[in-house]
Amino acid sequence: MDTKELLKKVRKIEIKTRRLSDHVFGGEYHSTFKGRGMTFSEVRGYQFGDDVRNIDWNVTARYNEPFVKVFEEERELTLMLVVDISGSEFFGTQEQFKNEILTEIAATLAFSAMQNNDKTGLILFSDEIELYIPPKKGKSHVLRIIRELIEFKPKSNKTNVAHALKFLSNVMKKKAIVFVLSDFIDDNYRDTLKIAASKHDLTGIRIYDQAEENIPNLGMVQMEDQETGELVLVNTGSKSVRNQYYAYHRERADYFSEAFKKSGAGALSCRVDESYVKKLLGYFKRR
């Protein structure tokens, strides 16, 4: 992809997702993810309705009239986007591939964090850590993240969610808001997820294509495994083949739901042809 085309793509995603984060997600993001706590701001005279627990007894004794301590929310947070860029993300039978939806969601969240003056960092993973961008503030930083999401070419096509979560726990010592975006065609990440979710406010967003669950009857079809590159002939006319295919993907989807629920993390699934805006808003409101 040449520079001109890349900048055009970045601009297109910026316009779409910036509008979403400005009008839709800004307030929701702010109210969903609270700051680290309350910090002391000032002392002022007691007013009717003030909480008596906030009375500053030292100042009250000095001036012989009641004064209260005023606290402010310590807002600054860090958003970490952990995004799967393995081979299976470059799949889609609808208008968009899974990786395009992941990019749009990640960009929307990054702009929402930017509006709240929060830092944003990025981890791109396959079965290894492909790229790590430490958290920083600012628009140029967010645009760099979007640029990497669009044009980064992974060295590997395979997936290892557990490896990405382990890396996250190692590099992020302080509590962060973490979104893991993937199709989660993987398992054996339950234990690592539990550790990461105990440290961070973590949410998994599973993006999938309906053809992955219900393979249509197309007779004998040559298929390529996006993660191994292997070409195989599949008899989609066979009901048992279609059932096996369905069972495999259902198993991964159930593992995802159960693993996130048991670890206390948030989770949502979104099909590529569904509105991720509605899904995300619904998720924020439920919290």
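Modeller: We'll go through salt bridges, a helix, some backbone angles and a charged patch.

Colleague: What kind of model is it, and how are residues numbered?

Modeller: This is a predicted model, with residues numbered from 1 along each chain as its sequence is written. Local features need pLDDT of at least 70, side-chain atom pairs count only at pLDDT 80 or more, totals for chains, interfaces and linings use all residues, and side-chain values use heavy atoms, with hydrogens and water left out.

Colleague: Okay, salt bridges. How many are there?

Modeller: The structure holds 14 salt bridges. The term means a side-chain nitrogen of Lys or Arg within 4 Å of a carboxyl oxygen of Asp or Glu.

Colleague: Show me one. What does Arg-53 pair with?

Modeller: Asp-51. Their side chains meet in a salt bridge at 2.8 Å, N to O.

Colleague: Is Arg-53 buried or exposed?

Modeller: Arg-53 is exposed, because its relative accessible area is 72%. Asp-51 is partly exposed, at 31%. The cut-offs are these: buried is under 20% relative accessible area, exposed is over 50%, and partly exposed is in between (1.4 Å probe, protein chains only).

Colleague: What about Glu-258? Which residue does it bridge to at 3.9 Å?

Modeller: Arg-190. The 3.9 Å is between the closest N and O atoms. Glu-258 lies in helix H8 (residues 239-263) and Arg-190 in helix H6, so the pair ties together parts that are 68 residues apart in sequence. A helix here is a DSSP run of H or I, at least four residues, and a strand is a run of E, at least two; both are numbered from the N terminus.

Colleague: How far apart are Glu-258 and Arg-190 in space?

Modeller: They are 8.9 Å apart, C-alpha to C-alpha. Glu-258 is partly exposed, with a relative accessible area of 36%. Arg-190 is partly exposed too, at 26%.

Colleague: Which residue meets Glu-258 at 3.1 Å?

Modeller: Lys-262. That is a salt bridge between side chains, 3.1 Å from N to O. Lys-262 and Glu-258 are four residues apart in helix H8, so about one helical turn separates them. Lys-262 counts as exposed, because its relative accessibility is 57%.

Colleague: Which residues are linked in a network of salt bridges?

Modeller: Arg-11, Glu-14 and Lys-139 are linked that way.

Colleague: New topic. Which residues of helix H9 are buried?

Modeller: H9 covers residues 276-286, and its buried residues include Tyr-276, Leu-280, Leu-281, Tyr-283 and Phe-284. They cover an arc of only 160° around the axis, so they sit on the same side of H9. That arc is taken from the directions from the helix axis to the C-beta atoms.

Colleague: And what does the face turned away from the buried side carry?

Modeller: That face of H9 carries the exposed residues Lys-278, Lys-285 and Arg-286.

Colleague: What is the phi of Asn-117?

Modeller: About 60°, so positive, although Asn-117 is not a glycine. Asn-117 is found in the loop between helix H3 (98-115) and strand E4 (119-125). At 47% relative accessibility, Asn-117 is partly exposed.

Colleague: And Phe-184? Where does it sit?

Modeller: Phe-184 is in the loop between strand E6 (177-182) and helix H6 (190-199). Its phi is near 55°, again a positive value in a residue other than glycine. Phe-184 counts as buried, because its relative accessibility is 0%.

Colleague: Back to contacts. How far is Gln-115 from Asp-22?

Modeller: Their C-alpha atoms are separated by 7.8 Å, and the two are 93 residues apart along the chain. Gln-115 lies in helix H3. It is partly exposed, at 39% relative accessibility.

Colleague: What about Asn-54 and Val-70?

Modeller: They are 16 residues apart in sequence and 7.6 Å apart in space, C-alpha to C-alpha. Asn-54 is in the loop between strand E1 (37-45) and helix H2 (57-63).

Colleague: Last one. Which residues gather in the patch of positive charge?

Modeller: Lys-4, Lys-8, Lys-9, Lys-12 and Lys-153, on the surface. Patch residues have over 30% relative accessible area and no salt bridge; like charges are joined within 9 Å, and nonpolar side chains (Val, Leu, Ile, Met, Phe, Trp, Tyr) within 5 Å. Lys and Arg count as positive, Asp and Glu as negative, and His and the chain ends are not counted. The charge is placed at NZ of Lys, CZ of Arg, CG of Asp or CD of Glu. Accessible areas come from the Shrake-Rupley method with a 1.4 Å probe, and for residues only the protein chains shown count as cover.

Colleague: Where is Lys-9?

Modeller: Lys-9 is in helix H1 (residues 3-32). It counts as partly exposed, at 37% relative accessibility.
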